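Visitor: Hi, could you walk me through how the helices pack in this one? I'd like to hear about pockets too.

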Amino acid sequence: MLVSYQTLAGYVSYHFGIEAETLRPNLTFEELEMDSLALMELVVVIENETGIQIPDDAGEIGPHTTLAEAAEAVSRIGECAAR
């Protein structure tokens, strides 16, 4: 399953109350002031919304990850799981 930047940005906006207009693909989660707890919550949101299980040890979504990189990582994980 592909997860676009727009989809991920929508999850971040809706679930974390960040205005969609302020989000850009090159923003990191650190720049959005999302701490490790918020990132864990985001992973749960992504899993619930997409059905893609993100392994705990994947390390794909961290403070220095951009929104675009996170969307690509989730898509990659989803594609690998579908095989």
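Predicted model: local features only at pLDDT ≥ 70, side-chain atom pairs only at ≥ 80, totals over all residues.

Visitor: Which residues of H1 and H2 meet?
Guide: From H1 there are Leu 8, Tyr 11, Val 12, His 15 and Phe 16. They meet Ala 38, Glu 41, Leu 42, Val 45, Ile 46, Glu 49 and Thr 50 of H2. By class, that contact has eight nonpolar, two polar and two charged residues.

Visitor: And how are H1 and H3 set relative to each other?
Guide: Helix H3 covers residues 67-82, and its axis comes within 9 Å of the H1 axis, crossing at roughly 110°. H1 and H3 are therefore roughly perpendicular to each other.

Visitor: Is the crossing of H1 and H3 left-handed or right-handed?
Guide: Right-handed. The crossing of H1 and H2 is right-handed as well.

Visitor: What makes the contact of H1 with H3?
Guide: Tyr 5, Leu 8 and Val 12 of H1, with Leu 67, Ala 68, Ala 70 and Ala 71 of H3. The classes there are seven nonpolar, no polar and no charged residues.

Visitor: Changing topic: how much space lies in the largest pocket?
Guide: About 270 Å³. It is lined by 15 residues, and Leu 39, Met 40, Val 43, Asp 56 and Ile 61 are the closest to its centre.

Visitor: What classes are in that lining?
Guide: Nine nonpolar, three polar and three charged residues.

Notes
Residues numbered from 1 in each chain as written. Heavy atoms only, no water. Left-handed = near helix turned anticlockwise from the far one by under 90°. Helix = DSSP H or I, 4+ residues; strand = E, 2+ residues; numbered from the N terminus. Contact = heavy atoms within 4.5 Å. Nonpolar A, V, L, I, M, F, W, Y, C, P; charged D, E, K, R; others polar. 1 Å grid on protein atoms, 1.4 Å probe; cavity = no way out; pocket = protein on both sides within 12 Å on 5 of 7 lines; lining within 4 Å. Points joined across faces, edges and corners; volume = space filled by probe spheres on them. Axes fitted to C-alpha atoms, helices over the stretch in contact; angles between N-to-C directions. Parallel < 35°, antiparallel > 145°, perpendicular 65-115°, else oblique.
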